[in-house]
Amino acid sequence: MPSADEVRALSGAIRADADTLTQRYATLGADATASIGEIREAVRKMSVDVDRLSKRTDSLLATGDEELRDTARAVRSGW
């Protein structure tokens with residue numbers, strides 16, 4: 001089971017990924033006159049960012065689910 005520091009680090013990585021995705025989206029909007037190739041590349045990068053964010057979020061949620069199950073078992077067993 002990951003430590004609290006590992007969960008905090010993962011949360012920080014998720015925040016950084018979301019910030020990167022937000023910045024890329026803003027850049028894409030600002031560069032509305034960009035060529036189709038540039039837009040295609042920006043969308044590809046955004047797709048990679050969304051995929052990474054999704055995987056990290058899934059990992060964090062799975063960790064929380066595991067911790068909740070462990071806590072429930074401990075409570076049922078009287079600690």
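How many residues does helix 2 have, and how far does it reach from its first C-alpha to its last? The views below start there. This is a predicted model, where local features need pLDDT of at least 70, side-chain atom pairs count only at pLDDT 80 or more, and totals for chains, interfaces and linings use all residues. Residues are numbered from 1 along each chain as its sequence is written, and side-chain values use heavy atoms, with hydrogens and water left out.

**View 1. Helix 2, end to end.** Helix 2 has 41 residues and reaches 59 Å, close to the 60 Å expected at 1.5 Å a residue (1.5 Å times one less than the number of residues). Helices here are DSSP runs of H or I, at least four residues, numbered from the N terminus. After helix 2 comes glycine 78, with a positive phi near 80 degrees.

**View 2. The buried residues of helix 2.** These are Ala42, Met46, Asp49, Leu53 and Thr63, where buried means under 20% relative accessible area, exposed over 50% and partly exposed in between (1.4 Å probe, protein chains only). They pack against helix 1 (4–30).

**View 3. The largest nonpolar core.** Five residues make it up: Leu10, Ile14, Leu21, Met46 and Leu53. Such a core is a set of buried Ala, Val, Leu, Ile, Met, Phe, Trp, Tyr and Cys residues joined through side-chain atoms within 4.5 Å. Helix 1 gives the most to this core, with three residues.

**View 4. Around isoleucine 14.** Neighbours within four places in sequence aside, isoleucine 14 is in contact (heavy atoms within 4.5 Å) with Leu53, Arg56, Thr57 and Leu60.

Notes. Helices (H or I, at least four residues) and strands (E, at least two) are DSSP runs, numbered from the N terminus.
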